[in-house]
Amino acid sequence: TPPDDAPRFNSAAARDIEYALHPYTNHKAFRETGPLIIDHGEGVRVFDDAGRSYIESVAGLWCASLGFANQRLADAAYAQMKKLPFYHAFGGRSHDPLIDLSEMLIQRAPLSAGDRPFSKVFFANSGSEANDSAIKMIWFYNNAIGRPAKKKIIGRIRGYHGITVASGSATGQPVNHKMFDLPIAGFHHVSCPHHYGYGLPGESEEDFATRMAQELEDLILREGPDTVAAFFAEPIQGAGGVILPPATYFEKVQAVLKRHDVLLVADEVICGFGRTGRYWGSQTFEMRPDILTCAKQLSSAFLPISAVMISEQLYQGIAQGSDAAGTWGHGFTYSGHPVPAAVAIETLKIYDELDLPNLVATRGAYLQKAMRARFADHPLVGEVRGTGMIGAIELVADKTTRAKFDATRKLGARWQALGQEHGVMMRVMLGEIAAVSPPLVISESEIDEMLDGMHRALEALG
Ligand code: PLP
């Protein structure tokens with residue numbers, strides 16, 4: 001007979017195991033454990049099919065910025081579906097949601113290269129598609145302006161830019177490469193700039209940043225500056241473990257890129273819309289990207305939509321190339337789909353009403369202080385890091401040597417499971433790093449409740 005907690009025949013869990021192929025899952029282990037089925041959401045919480053409630057400590061996947069219920073966003077989608085459920089934007093067709101959202105994004109964008117405003121917006125459906133589009137734009141641009149050899153893309157180890165063939169090649173995580181035959185040719189990676197993890201004994205953040213920038217320059221020189229097109233960077237590496245750039249890092253990196261005429265792509269798929277304590281991560285870290293990609297919080301995750309913003313220089317090259325080729329042969333059926341665009345417009349209006357930069361600065365300061373107060377001195381915790389509404393707690397076996405735990409102990413996975421028992425949906429990355437990035441609208445008392453749950457779960461780990 002099956003154990004008591006085995007999924008019942010024909011239950012939702014049994015049908016899930018039978019039919020669904022889950023993303024990011026060990027499919028063999030999954031057949032034993034089955035799914036956790038989430039039924040509905042309310043505020044910063046989700047509820048499973050047995051009625052248990054969980055505070056979402058990572059806003060789903062860093063995306064549900066306004067939480068898990070919002071009448072205005074639902075109404076915006078419904079109204080748009082009734083008025084015009086679909087139209088495309090190929091060949092100059094358009095509609096109001098696409099026009100309004102493009103204007104709103106450009107008006108709210110940070111400064112691009114040369115302290116100039118961004119020029120144009122292109123829409124896609126996911127972060128991966130946005131970054132894939134950015135890569136193709138760069139290739140098209142360099143062909144259009146007569147430098148066809150300048151195509152190589154540099155990403156960073158532990159960077160995450162998605163999982164399609166090109167964006168997955170820019171990603172710098174072994175799990176996305178191993179057995180997928182990625183990265184494809186022409187993609188390179190420099191070191192992860194985590195000072196706590198990779199700084200040499202006694203090396204200051206500034207010296208570490210100098211070393212990181214030098215490594216980038218050495219790679220560009222080795223490959224040949226005439227062959228290197230762009231550098232991809234998240235302002236804060238999110239899925240790679242919430243890695244904040246060390247002091248002076250982007251200043252030094254941008255000097256290198258400028259010297260060799262290499263474009264900067266800021267992947268703001270996680271950092272955009274308030275995560276880092278300002279509207280954009282590029283503002284927090286003084287980046288002046290040529291291209292900016294965003295997704296997730298653009299629609300508070302209520303519907304899929306992503307965007308690529310490009311500088312005037314990129315636009316001019318692409319326009320020139322499109323004329324030479326007869327068209328710019330790129331675009332998705334759903335580029336600028338009116339329903340997610342309408343939801344994104346409403347999301348940006350809500351951000352304006354919330355005075356997003358002010359909200360995330362004050363609530364973020366509370367979150368950062370509360371995290372450090374509970375976890376910094378814990379014997380199992382090596383580093384508590386973050387800024388604004390993004391953070392992480394990293395476990396170590398030895399606080400002094402920073403030695404990692406034996407992976408077979410599965411400490412992080414156990415912490416995550418215990419968190420769930422304590423009413424917190426946690427996300428432990430790379431075995432030992434708990435992300436802390438709740439919905440932006442979380443209250444101070446909910447922050448305390450979330451962190452207390454995570455703390456009790458850590459205590460229970462023993
Ligand atoms: N870029 C960053 C920084 C991300 O964090 C993610 C997803 O987590 C992506 C790109 C890929 O986005 P998507 O999963 O929507 O394709």
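Two strands count as paired if DSSP finds at least two bridges between them. Strands β5 (residues 152–156) and β6 pass that mark, with four bridges joining them in a parallel run. Welcome to this structure, which is a predicted model. The points below walk through its sheets, a pair of crossing helices, one glutamate and the surroundings of the ligand.

**Strands β5 and β6**
- Within this parallel pair, Arg-156 sits opposite Val-190 of β6.
- Strand β6 covers residues 187–190, and its side chains take two directions: Phe-187 and His-189 point one way, while His-188 and Val-190 point the other way.
- Whichever way they point, these residues of β6 are all buried.

**The sheet that starts with β1**
- Here four strands make an open sheet, ordered β1-β2-β3-β13, and their pairing is mixed.
- Its edge strands are β1 (38–42) and β13 (424–425), and each of them pairs on one side only.
- Strand β2 (residues 45–48) runs antiparallel to β1, and four bridges hold the two together.
- Helix α17 (residues 444–461) lies across β3 (53–56) and β13, and the helix runs at about 105° to β3.

**The sheet that starts with β11**

**A closer look at Glu-383**
- You will find Glu-383 in strand β11.
- Is Glu-383 buried or exposed? A residue with 20 or more other C-beta atoms within 10 Å of its own is classed as buried; Glu-383 has 21 such neighbours inside 10 Å, so this residue counts as buried.
- Setting aside neighbours within four places in sequence, Glu-383 is in contact with Tyr-196 and Glu-394.
- Ile-153 is 230 residues away from Glu-383 along the chain, and their C-alpha atoms are separated by 31 Å.

**Two crossing helices**
- A pair of packed helices is described by the angle between their axes and the distance between those axes.
- For helix α6 (residues 127–144) and helix α13 (residues 312–325), the axes come within 8 Å and cross at roughly 70°.
- Angles of 65 to 115 degrees count as roughly perpendicular, and therefore α6 is roughly perpendicular to α13.
- On the α6 side, the contact is made by Met-137, Phe-140, Tyr-141, Asn-143 and Ala-144.
- On the α13 side, the contributors are Leu-314, Gly-317, Ile-318, Gln-320, Gly-321 and Ala-324.
- By type, the residues of this contact are seven nonpolar, four polar and no charged.

**Around the ligand**
- The ligand has 15 residues around it, and those that come nearest are Ser-126, Gly-127, Ser-128, Gly-162 and Val-269.
- Which helix gives the most to the shell around the ligand? That is α6, with three residues.
- The shell divides into six nonpolar, seven polar and two charged residues.

Technical notes
Residues numbered from 1 in each chain as written. Predicted model: local features only at pLDDT ≥ 70, side-chain atom pairs only at ≥ 80, totals over all residues. Contact = placed C-beta atoms within 7 Å. Axes fitted to C-alpha atoms, helices over the stretch in contact; angles between N-to-C directions. Parallel < 35°, antiparallel > 145°, perpendicular 65-115°, else oblique. Nonpolar A, V, L, I, M, F, W, Y, C, P; charged D, E, K, R; others polar. Buried ≥ 20, exposed ≤ 12 C-beta atoms within 10 Å, placed from the backbone. Near = placed C-beta within 6 Å.
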